[in-house]
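Me: I would like to learn how to read a structural model feature by feature, taking the general idea before the particular case. Could we begin with the aromatic rings?

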Amino acid sequence: MPVLSLTPFIRPEGPGKGGDRAEKFFAMFALLFCLLSPLSAGAAAPDQDAPGDSGLSRMWSARAGDLAALTDEAENLRKRAEELGKDLGSGLRNTRLRFSKLSGLFQASRGRPAEQLALARQMHSLRKALMDNIAPMEEIALAVRQRLEEVAGLQKDMGGAVKDSVAEGAAWVSEREAYTSALSAASRKFAILAERLDILLAPAKTLLGRIDRSIEDIEGSLVDIWQNYYLSPAGPGVSAPVPAMLADWLSSVPSRLSFAYPQSAEEWQDAGKTFLFYGFIMAVLGFIGARGVFILPLRWRGACLRRLVRALVCMGLGLGVLAAADNQHGVLYYGFALLGGMLLVAGTASLTWRLRVAVRPELASASSPLTPLLPPSFFGVFLLFSDPPARVLGILWAAAMLLFLAHAFFSRKDRKGGEKLPMLEAFVHICSVWFGLASLLAAGLGYARLGVLLFILLFTLINCLSLGSSLMSIFAALAGRVFDAQDRPIGNAVAQAASVPLAWLLSLLCAVPWFWVAPGARHILQQFLSASYTVGEASFDFSRLLLIVLLFFLFRSFIRLGKTSLEHLPARLPNIEPGVIPPLGTMLRYGFWALFAVVALALLGVDFTSLAVVAGGLSVGIGFGMQNLFNNLVSGLMLIFGRTILVGDYVEVAGATGTVRAINIRSTTIETAERAMVFVPNSAIMAGQFTNWTRNNRMVRRTVTVGVAYGSDTALVENLLLAAARAQPRVLAFPSPVVLFTDFGANSLDFTLNVFIDDLDNAGPALSALRFSIERLFAENGIDIPFPQLTLHMPGQRTLPASPR
């Protein structure tokens, strides 16, 4: 009999008599419930074997219902699999037949990269169709495996339930055995269905594996085939007659065109929707960009609004066509890609020249150097796309190069004699002529495809150079406009440093459209980027080189930021000596570049252990050979941090007298009174004796020596000298001028006037004015300044003998 707790029926005690009555009432109700409960339990005893048998029966009934649902689902899946198996068999036969044809074409078209590329796309389309065909059957197989796992889980749970029932002596053995047998039957049914599905799917999976291996073989050999395509002197069948080659080429054109453009109305509709969608996005971005143009300087704003519209529209159309080239099956329509790439190239070329004119207004009346390169480039791309016989392609491309060179010659002849092109445009013209000659020579030697590739490379190089130089100027102007060099020097330094890599990184985007336009360009570039090169102990690939280039610009930005911060440090900290800033900047620059060199060598895989051994062996020889250099470096550091000499001091050292203009790590620059720059090694300053006239302050003492005639009033002379000194504004009153009677000279009475000049730079003019004043005062007061005289006394009177005639 279950134990009944009275706790739920007892209410908490309340205040007063009301709480006691409630407690008595609930206690009597609980006692009555306890007396009546055995009677109710006894009345129910004849219908039940145990207290929990009714709940177990309901549980078994629920499980039996679930099992029946699983059995019905298995039957439905079996019927659906039989229906799909018929469609799968017919589709599999068609796919196998088409695969056999494509495999034969693959073997017959080896060495033809355009046909191999078309076959790869058809293989991808065939694989997509096969996957779509077996996808429903795969879903059924997956559902069967999931149900089989559920049944296995039920069987495992049933094993535990059997152990518990034996221990408790349950009376529902018959229901359990019926359920167990039904569970085993369901498991067998799902297992048989899964096995049949595997048998049905096995041929399809085998064929899918063969298609995947064929695709892997084709795409794996495309890089080598494209390399041979461009680097071989002639294509396949070059020895055959021209009519036979043209007939063979015409027979292969429909196969390539079938994947160059949409082949059904539905595909054309999908491509049109994609084009309109991306065209709308480009229009929105163009509107936002037009609003952002107003942050540019005024002289560039008008050019951007008036001249860049056509270029940006052309580029937007190209992006829309490229987006439409990617169909829903993952296959690229090469015809659309070619058209979109050409629109992008034309728009980029126009944008490049418009930006160049905005930076160099003197080129407004000139024509773009990229314009003559566009027609030959597009013609060459069309030849590669159509892929005529090598002999025909060579003749057509040689004719195109002759026309291009003739146009270049006559355009140069028509140019005015006094017109001088900027350096970049002159370089472009020279490169165009030489690349045209090289392409013509390649076509004459049978490498016409390589000649086309060289000309496309020329166009891309010129476009990147022009766009990069223009963007550098524009970004520099924007950095100066957003971050003022006086108010925000650090932000200006960071923006100026970041503008260079950003400009050249954006200029490299000019080459991206050619990956869709030039056949095989993506495969060759992919091979180049993934290849690894080893030179000695250094091993590198393109990713490491790109990282090193990015680190170069990053360290360059740090150096520029540090230099700017040091230059503005004295304004924030007045106690900092300005003369220390240049040497600290030099040390900062050397330190960062040394750290960059270490990081770059580490990325290249250079072993520093071997370098340490080599450096240890060479240290002795280098120490003797570079002793003077290291001596100057150490002396420079001692001068910088010892502050014996500062920038602006007036010194006399190593026979040179002048003002210190710079203290570098290796030498000190002194500017003499003759405006000559003298570079004194730091070791010579530290090892020898030098005089720093302005070590304490800029005040300097100077002496004026003057002699007067014997018999002059010496007191008057002293007063006149002091009066002349006090009358000069550059002569300091304290310390006061001093007159000294220094000597009785051979011809004069010698006096010296010692005065202090307020600044060393004013010493020369002040002394000159002081001498003018002394001479004037002596003349006014009758003081003579004698000059040396010699009196000759001859004893006796002797006559000189007459000279003979």
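Reply: In this predicted model, one aromatic cluster is formed by Phe552, Phe553, Phe555, Phe558, Phe592, Trp593 and Phe596. A search of the whole structure finds 14 aromatic pairs.

Me: How is a pair of aromatic rings described, and what kind of pair do phenylalanine 277 and tyrosine 278 form?

Reply: The general idea is that the distance of the centres and the angle of the planes describe a pair of aromatic rings. Phenylalanine 277 and tyrosine 278 form an edge-to-face pair, with 5.3 Å from centre to centre and 85° between the planes. Phenylalanine 277 counts as partly exposed because its relative accessibility is 49%, and tyrosine 278 is likewise partly exposed, at 35%.

Me: Why is the pair of phenylalanine 555 and phenylalanine 592 called edge-to-face, and which helices hold the two residues?

Reply: The ring centres of phenylalanine 555 and phenylalanine 592 are 6.1 Å apart and their planes stand at 70°, so this pair is edge-to-face, given that planes over 60 degrees apart count as such. Phenylalanine 555 belongs to helix α16 (residues 542-567) and phenylalanine 592 to helix α18 (residues 581-603), so that the pair, 37 residues apart, links distant parts of the chain.

Me: Are phenylalanine 555 and phenylalanine 592 buried or partly exposed?

Reply: Phenylalanine 555 is buried, with a relative accessible area of 9%, whereas phenylalanine 592 counts as partly exposed at 22% relative accessibility. The cut-off that separates the two is 20% relative accessible area, under which a residue is called buried.

Me: How does one find where empty space is left, and how much space lies in the second largest pocket?

Reply: In general, a probe the size of a water molecule is rolled over the atoms, and this shows where empty space is left. The second largest pocket holds about 1000 Å³ of space. It is lined by 29 residues, of which Leu457, Ala511, Phe515, Leu525 and Phe528 are the closest to its centre.

Me: Which helices supply the lining of the second largest pocket, and how does that lining divide by class?

Reply: At least two lining residues come from each of α12 (448-482), α13 (489-507), α14 (514-517), α15 (521-530) and α16, and α12 gives the largest share, eight residues. By class, the lining of this pocket has 28 nonpolar residues, one polar residue and no charged residues.

Me: How many cavities of 30 Å³ or more does the structure hold, and what lines the second largest cavity?

Reply: There are four cavities of 30 Å³ or more, and the second largest cavity has a volume of about 50 Å³. The residues that line the second largest cavity are Leu117, Arg121, Tyr334, Phe515, Ala518, Pro519, Gly520, Ala521, Arg522 and His523. Two or more of these residues are given by each of α3 (113-168) and α15, with the largest share, three residues, coming from α15. The lining of this cavity divides into six nonpolar, two polar and two charged residues.

Me: Where is serine 507 placed, and which residues does it touch?

Reply: Serine 507 is in helix α13, and serine 507 counts as buried because its relative accessibility is 1%. Leaving aside residues up to four places away in sequence, serine 507 touches Cys464, Leu467, Gly468 and Leu471.

Me: Why do residues three or four places apart in an α-helix point the same way, and which residues of α11 are buried?

Reply: An α-helix has 3.6 residues a turn, so residues three or four places apart point the same way. In α11, the buried residues are Leu424, Glu425, Val428, His429, Cys431, Ser432, Gly436, Ser439, Ala442 and Ala443. Helix α11 (residues 423-444) has 22 residues and reaches 32 Å from its first C-alpha to its last, close to the 32 Å expected at 1.5 Å a residue. Just after α11, glycine 446 takes a positive phi of about 100°.

Me: Why is α8 described as largely enclosed by the rest of the structure?

Reply: Of the 26 residues of α8, 21 are buried, so this helix is largely enclosed by the rest of the structure. Helix α8 (residues 334-359) reaches 37 Å from its first C-alpha to its last, close to the 38 Å expected at 1.5 Å a residue.

Definitions and conventions: Residues numbered from 1 in each chain as written. Predicted model: local features only at pLDDT ≥ 70, side-chain atom pairs only at ≥ 80, totals over all residues. Heavy atoms only, no water. Phe/Tyr/Trp six-rings, centres within 6.5 Å; stacked < 30°, edge-to-face > 60°. Buried < 20%, exposed > 50% of the residue type's maximum accessible area, 1.4 Å probe, protein only. Helix = DSSP H or I, 4+ residues; strand = E, 2+ residues; numbered from the N terminus. 1 Å grid on protein atoms, 1.4 Å probe; cavity = no way out; pocket = protein on both sides within 12 Å on 5 of 7 lines; lining within 4 Å. Points joined across faces, edges and corners; volume = space filled by probe spheres on them. Nonpolar A, V, L, I, M, F, W, Y, C, P; charged D, E, K, R; others polar. Contact = heavy atoms within 4.5 Å. Expected span 1.5 Å × (residues − 1).
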